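Please look over the structure below before reading the notes. The points are grouped by topic.

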Amino acid sequence: MYVGLQVSNALGSNIFDFLWCIGFPFMVQALMAEEPVFVPIGDSFLYLLISCFVSAGLTIFIISVGCMRATPWHGVVLVVAYVAFIVVYVLMFGIKAVGD
């Protein structure tokens, strides 16, 4: 199965969420306040940011190794990476919201 449609759907949706659904309210707040918006960056935020870049790199690597074909093996690797992300996050920061 070719993964072009699946990848564009997943990445397009997430990029839209990051750029529009998160960025737009901050832009509106900054324009209304006429000053920069301060966003505190804690350890959990840095972990999530680094995890986003690592997962994007892992996904691109898996897709390129598979010659743009999705196989069950690729899905298993991504699910294992996701479970590892959740386990490490809970062990490092406990079960709490990112902003806490």
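The model is a predicted one.

**Overall make-up**
- The protein chain has 3 helices and 0 strands.
- Of its 100 residues, 10% count as buried.

**The second largest pocket**
- The volume of the second largest pocket is about 310 Å³.
- Its lining is formed by F18, I22, F26, V39, P40, F45, L48, L49 and C52.
- Helix 1 (4–33) and helix 2 (43–65) each contribute at least two residues to this lining.
- Helix 2 contributes the most, with 4 residues.
- By residue type, the lining divides into 9 nonpolar, no polar and no charged residues.

**The nonpolar surface patch**
- A nonpolar patch on the surface is made up of V79, Y82, V83, I86, V87, V90, L91 and I95.
- Together, these residues have about 810 Å² of accessible area.
- One of them, L91, is found in helix 3, which spans residues 72–93.
- Is L91 buried or exposed? L91 has a relative accessible area of 70%, and exposed means over 50%, so L91 counts as exposed.

Terms used
Residues numbered from 1 in each chain as written. Predicted model: local features only at pLDDT ≥ 70, side-chain atom pairs only at ≥ 80, totals over all residues. Heavy atoms only, no water. Patch = residues over 30% accessible without salt bridge, like charges linked within 9 Å, V, L, I, M, F, W, Y side chains within 5 Å. Areas by Shrake-Rupley, 256 points an atom, 1.4 Å probe, with all protein chains shown as cover. Salt bridge = Lys/Arg side-chain N within 4 Å of Asp/Glu carboxyl O. Buried < 20%, exposed > 50% of the residue type's maximum accessible area, 1.4 Å probe, protein only. 1 Å grid on protein atoms, 1.4 Å probe; cavity = no way out; pocket = protein on both sides within 12 Å on 5 of 7 lines; lining within 4 Å. Points joined across faces, edges and corners; volume = space filled by probe spheres on them. Nonpolar A, V, L, I, M, F, W, Y, C, P; charged D, E, K, R; others polar.
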